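Student: I have a structure open and would like to go through it piece by piece. Can we do that here?

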Amino acid sequence: MKTLSRWFSRNLIRIYMVLGFGYLFVPVAYTFAFSFNDYIKSNLVWRGFTLNNWKQPCGVLDVCPALGNSIKIGLLATFIATILGTLIAFALGRYAFRGRAVTNTLIFLPMASPELVLGASLLTIFLNLGMNLGFWTIVIAHVMFCISFVVVTVKARIASLDPRLEQAAMDLYADEKETFRRITFPLVAPGIAGAALLAFSLSFDDFIITNFNSGTTITFPLYVYTHAERGLPAQANVIGSAMFFLALLIVVAGQIVGKKVKVGK
Amino acid sequence: MADASTSAKGDLKLTNITKSFGDFKAVDDLTLTIPEGSFFALLGPSGCGKTTTLRMIAGLEDPTSGKISIGSTDITNKRPYQRPVNTVFQNYALFPHLTIFENIAFGLRRRGIKDVKEQVDKVLNLVELPHLADRKPTQLSGGQQQRIAVARAIVNRPALLLLDEPLGALDLKLRRQMQIELKWIQTEVGLTFVHVTHDQEEAMTMADTIAVMNEGRIEQMGSPAELYDNPKTAFVANFLGQSNLIQGTIVDSDGDYHVVDLFGQKAKVLKSRTHSKSNSVLYAIRPEKLRIDTENNHRPGNVFTGGHIVDVSYIGVSTQYQVEMPWKQEIMVFEQNDDGIPPLDKGDEVTLSWEPAFSFALDGAQDATAGSEVNPEEE
């Protein structure tokens, strides 16, 4: 009894860690497990193991076109938001100009505003402009809310960059362009990459704003939502799990590359 | 090594350079010539404008007015990368994402030099770190980073090498060693070095010529010995080493000497070493030039009588005495422990004597403590 309590107190942190991670990952594990469920109509009850869902991820009507839309929209929105956000971050981080403080505050607003409000007002704007809702209105909406996150992420990286490094490059015969290409950009790049990943994941799983502005276009989150009532196919679990492992892979790869860059060899 | 970068050669000339930040004049109408091939130090307390001056020479700061030229080439409006000038930054500013080799090769590659490898290897050998070529800067010690920063600059054979407090981040022992090394490298490569520092010992060890800066102006310029032995202002006298400055009045003339009355005692000072506009002077004598003796046993020369010792610090090679004079001023005396005579005691009545030729006299209107209360370590 005494040894048991000693073992318990010694491993308290470990037990706590297991419980903590369990809390975080049980839903993911559940999703993953049910992607192997031999389901009929509704994927809520375990009916036996099968690999069929993984063999035919597009086996259900509309799921893959929805996924395709989400990926296309995510990539486009990420691309545009990352470029615009990075430029804004450089302007805010490197130059003193009239209205910088105001801009700094305004940039935070889209992050702080409720998505419902943003989605509804975007819808109003699109309707007033007479735009057809669909793929491009979703892209525009996603770029809008991703920019703030990109700016904040990249700006943090720029702030940590010693301006003397750029001065040293200029001192060593690199003109403004070369300095940016050889010194500034490589040193800020990890921040930009992180911002892009963040933007993609925000765009990929956005539901609220997309729902307002999608017209007849179906993205993956919209598909999951509309099918959840009627019974979600296990293919949704397959795609969800695949996305999770892909993200995990990217993070791990990023850390390995980051470590290599730091250590040098 | 081939001379590739230098389209301009010759003396560096600053003409009426002023740099204002709002109402504050960091550098105030500075005119200065730094001869080609010299090791020149800009010495002064923090905020005296020395770093701003250096940054203007590098092109990292634009002068508000004035002109900078190297030889006959005006570089005032040239961008930093258009100047035959390279800088060793205070924190080294090595590029963290590049190897040591690529750090050093950076300037050569930007100028399209062909034999990059050969030149980088050569300079790595010069700073004795050829085995570190493939490392990243963060894997190097402070002293090694410092040498790489020097290598990265001198590999370009600039007309001017600027050093901004290059040894500030190193510990004392390493700093001493690097002082000697830098001086050796300068002799070896024969470039003009302009060295900015707040450390008077560092400036005196390395530089041929020192300009002492204070509040955006040059107080005095000269060789280390000239500045130490014949300072022209109280600031220079106090900033370089220690001085006893005693308020007095010139009362008479005796050949090459002025006779000065110091609280009733007479002392002589060379006319050529008197820098005063009026008869009111600060009579100055360095602590190590003073000899200390018991009352009736003094040596020839100028003499102060009636002092008594208030403090004794025995520090091995010498003994430092604080002697209170009849006019209540404390005079510092450094006595070499070279004759085996045990040091005098606290409370002893003493006589101070010195060679008249070793003293100097400054304008009596200035603050006698100028330059002494500045904490040189403060940055």
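What follows is a chat about a predicted model, going through its chains and how they touch.

Student: Start with chain A. How many helices and strands are there in it?
Tutor: Chain A has twelve helices and zero strands. Read from the N terminus on, its elements are α-α-α-α-α-α-α-α-α-α-α-α.

Student: What radius of gyration does chain A have, and what would a compact globule have?
Tutor: Chain A has 23 Å, while a compact globule of 265 residues would be near 18 Å. The C-alpha trace spans about 70 × 70 × 35 Å along the principal axes of chain A.

Student: And how much of chain A counts as buried?
Tutor: The share is 31% of the 265 residues. As for contacts in chain A with a separation of 6 or more, 79% of them are between residues 24 or more positions apart.

Student: Give me one helix pair. At what angle do α4 and α11 of chain A pack?
Tutor: Helix α4 (residues 63–94) and helix α11 (residues 220–228) of chain A pack at about 145°, and their axes are 7 Å apart.

Student: Which residues meet there?
Tutor: From α4(A) there are A:V63, A:A66, A:L67 and A:S70, and they meet A:F220, A:L222 and A:Y223 of α11(A). By class, this contact of α4(A) with α11(A) has six nonpolar residues, one polar and no charged.

Student: Now the two chains together. How many residues does each give to the contact?
Tutor: Chain A gives 17 residues and chain B gives 18. On the chain A side, α8 (163–171) and α9 (176–204) each supply at least two residues. The largest share of that side comes from α8(A), with six residues.

Student: What classes are the residues on that side of chain A?
Tutor: Ten are nonpolar, two are polar and five are charged.

Student: Over to chain B. What domains is it divided into?
Tutor: Domain 1 covers 12–229 and domain 2 covers 242–363. The C-alpha centres of these two domains of chain B lie 40 Å apart.

Student: I clicked on β3 in chain B. Is that strand buried or exposed?
Tutor: Five of the five residues of β3(B), residues 39–43, are buried, so the strand is largely enclosed by the rest of the structure. In a regular strand the side chains alternate between the two faces of the sheet. For β3(B), one side has B:F39, B:A41 and B:L43, the other has B:F40 and B:L42, and all are buried.

Student: Which strands is β3(B) joined to?
Tutor: One is β8 (residues 192–197) of chain B, which runs parallel to β3(B) with five bridges. Here B:F39 stands opposite B:F193. Another is β9 (residues 209–214) of chain B, also parallel, with four bridges. There B:A41 stands opposite B:I210.

Student: Last one. How do β11 and β12 of chain B run?
Tutor: They run antiparallel, with five bridges joining β11 (residues 244–254) to β12 (residues 257–262) in chain B. One bridge pairs B:D252 with B:V259 in β12(B).

Note on methods
Residues are numbered from 1 along each chain as its sequence is written. Chains are lettered from A and ligands numbered from 1 in the order in which they are written. This is a predicted model: local features need pLDDT of at least 70, side-chain atom pairs count only at pLDDT 80 or more; totals for chains, interfaces and linings use all residues. Two residues are in contact if their C-beta atoms, placed from the backbone, lie within 7 Å. Ala, Val, Leu, Ile, Met, Phe, Trp, Tyr, Cys and Pro count as nonpolar, Asp, Glu, Lys and Arg as charged, and the others, Gly among them, as polar. Two strands pair if DSSP finds at least two bridges between them. A residue is buried if 20 or more other C-beta atoms lie within 10 Å of its own, exposed if 12 or fewer, and partly exposed in between; C-beta atoms are placed from the backbone. Axes are lines fitted to C-alpha atoms, for helices over the stretch in contact, and angles run from 0 to 180 degrees between N-to-C directions. The radius of gyration is taken over C-alpha atoms; the globule rule is 2.2 Å times the number of residues to the power 0.38. Domain bounds come from an automatic or database domain assignment.
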